[in-house]
Number of protein chains: 2
Amino acid sequence: MSSKQEFIKKLRNSNLRPTKQRINICDVLFNRDKTFHFTINDLFNLIKDKTGQKVSLATVYNTVHAFHKKGYLKEIPINSNQTYFDTNVSDHHHFFDVKEEKLIDLKNEDVGPIDIQKSIPGKKIKSVEVLVKLED
Amino acid sequence: MSSKQEFIKKLRNSNLRPTKQRINICDVLFNRDKTFHFTINDLFNLIKDKTGQKVSLATVYNTVHAFHKKGYLKEIPINSNQTYFDTNVSDHHHFFDVKEEKLIDLKNEDVGPIDIQKSIPGKKIKSVEVLVKLED
DNA sequence: ATTCTTCTTTAGAATAATTATAAAAAACTC
DNA sequence: GAGTTTTTTATAATTATTCTAAAGAAGAAT
């Protein structure tokens, strides 16, 4: 299946029609080997750079949120003025280089199993995220 | 030592003069048994409620940031439009009840040791934070 | 205590990320 | 192709946070 067909499938699954703009967003997001960490603003600029076509900021927001809701993108819990997303939606953790404001993946093996020994009645665990901040 | 004397000490250590406003902020922050998780806006409103005196938002921001810099407050990495702080500056982790937008402390024993097996040349680990999201 | 200097408070303006709006354009249905 | 629904877009609105500058309070020196 060509990557364009995959994009269309992802969009349809997310209840989005496959428009030119959204295909361009997909092209930047999913047409890559390695995991991709980004802010909306990063993505907005990369679309212009890579596809030569401008997509409005509102469309970028809407599309990213739809993908996030569907599970094609993961939001990374981090303190920053901007929200960070990750195309790697598997269960994994992150380094955050505070100085450079850059994220680096940590494989699950790099951290080992995390066993939460406390529970809250009526609540279940949705996710466990480890953030390792790095300094020089 | 009275709590007021402690507040003054904390303020001096943070390079802040002990003003009436800042003492009121300290009163809400540090005059309590349990750990306190808050946003700036929470704190701003609690000062009015508890002390009956209004402190300007700018002063709350400035004071909280000075305490954070000095290590009297800890910032909690979490995805939210607002920044969360914690008066418990010891090494510990958090539950986050997504629905209620509420944080709950996890003792270190509740999580167990976290052994990061990967390292980045030239960088050292500043902190390791575990965030466990809860759902119903 | 008085004067002088430095720091602080404050309201309001500025900034920046995000969300909402509504009219024009594109996609889909028949 | 005609009609309906969705989408895009520029722009406005919202919200958290930071900045600013003038008036007030704290600290130091006398």
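The following legends describe close-up views of a predicted model.

**View 1. Overall arrangement of chain A.** Chain A of the predicted model comprises 5 helices and 6 strands. Read from the N terminus, the order of its elements is α-α-β-α-α-β-β-β-β-α-β. Along the principal axes, a box of roughly 50 × 40 × 30 Å holds the C-alpha atoms of chain A. Buried residues account for 44% of the 136 residues in chain A. Of the contacts in chain A that link residues at least 6 apart in sequence, 45% connect residues at least 24 apart.

View 2. Helix α2(A) is mostly covered, with 9 of its 11 residues buried. The buried positions are Arg22(A), Ile23(A), Asn24(A), Ile25(A), Cys26(A), Asp27(A), Val28(A), Leu29(A) and Phe30(A).

**View 3. Packing of helices α2 and α4 in chain A.** Two packed helices are described by the angle between their axes and by the distance between those axes. For α2 (residues 20-30) and α4 (residues 57-70) of chain A, the angle is about 60 degrees and the axes lie 11 Å apart. At that angle, α2(A) is therefore oblique to α4(A). The two helices, α2(A) and α4(A), form a right-handed crossing. On the α2(A) side, the residues that take part are Gln21(A), Arg22(A), Ile25(A), Cys26(A), Leu29(A) and Phe30(A). Their partners in α4(A) are Thr59(A), Val60(A), Thr63(A) and Phe67(A). Among the α2(A) residues in this set, Arg22(A), Ile25(A), Cys26(A), Leu29(A) and Phe30(A) are buried.

**View 4. Thr39 in strand β1 of chain A.** Thr39(A) belongs to strand β1 (residues 37-39) of chain A. Its relative accessibility is 2%, so Thr39(A) counts as buried. With residues up to four places away in sequence left out, Thr39(A) touches Gln82(A), Thr83(A) and Tyr84(A).

**View 5. Phe96 in strand β4 of chain A.** Phe96(A) is located in strand β4 (residues 93-97) of chain A. Phe96(A) counts as buried because its relative accessibility is 5%. Beyond its neighbours within four places in sequence, Phe96(A) contacts Ile78(A), Tyr84(A), Glu101(A), Lys102(A) and Leu103(A), as well as Leu131(A), Val132(A), Lys133(A) and Leu134(A). One of these partners, Ile78(A), is 18 residues from Phe96(A) along the chain, and the two C-alpha atoms are 8.4 Å apart. Another partner, Tyr84(A), is also touched by Thr39(A).

**View 6. Helix α1 of chain B.** Within helix α1 (residues 3-13) of chain B, the buried residues are Phe7(B), Lys10(B) and Leu11(B). Viewed down the axis of α1(B), these residues lie within an arc of 100 degrees, so they line one face of the helix. In an α-helix there are 3.6 residues a turn, so residues three or four places apart point the same way. The buried residues of α1(B) pack against α2 and α4 of chain B. Following α1(B) is Asn15(B), which has a positive phi near 65 degrees.

**View 7. Helix α3 of chain B.** Helix α3 (residues 40-51) of chain B has 12 residues and, at 1.5 Å a residue, should span 16 Å; its end C-alpha atoms are 16 Å apart, in agreement with this expectation. Buried residues in α3(B) are Ile40(B), Leu43(B), Phe44(B), Ile47(B) and Thr51(B). Because the buried residues of α3(B) fall within an arc of 105 degrees when seen down its axis, they line one face of the helix. Their cover includes α2 (20-30), β1 (37-39), α4 (57-70) and β3 (84-86) of chain B. Just after α3(B), Gly52(B) adopts a positive phi of about 75 degrees.

**View 8. Lys118 of chain B and its contacts with chain A.** Lys118(B) occupies the loop between α5 (108-111) and β6 (124-135) of chain B. With a relative accessibility of 28%, Lys118(B) counts as partly exposed. Neighbours within four places in sequence aside, Lys118(B) is in contact with Phe95(A), Ile104(A), Asp105(A), Leu106(A) and Asp110(A). Lys48(B) is 70 residues from Lys118(B) along the chain, and their C-alpha atoms are separated by 47 Å.

Terms used. Residues are numbered from 1 along each chain as its sequence is written. Chains are lettered from A and ligands numbered from 1 in the order in which they are written. This is a predicted model: local features need pLDDT of at least 70, side-chain atom pairs count only at pLDDT 80 or more; totals for chains, interfaces and linings use all residues. Side-chain values use heavy atoms; hydrogens and water are left out. Helices (H or I, at least four residues) and strands (E, at least two) are DSSP runs, numbered from the N terminus. The expected span of a helix is 1.5 Å times one less than its number of residues. Buried means under 20% relative accessible area, exposed over 50%, partly exposed in between (1.4 Å probe, protein chains only). The arc is that of the directions from the helix axis to the C-beta atoms. Contact means heavy atoms within 4.5 Å. Axes are lines fitted to C-alpha atoms, for helices over the stretch in contact, and angles run from 0 to 180 degrees between N-to-C directions. Angles under 35 degrees count as roughly parallel, over 145 as roughly antiparallel, 65 to 115 as roughly perpendicular and the rest as oblique. A crossing is left-handed if the near helix is turned anticlockwise from the far one by less than a right angle, and right-handed if clockwise.
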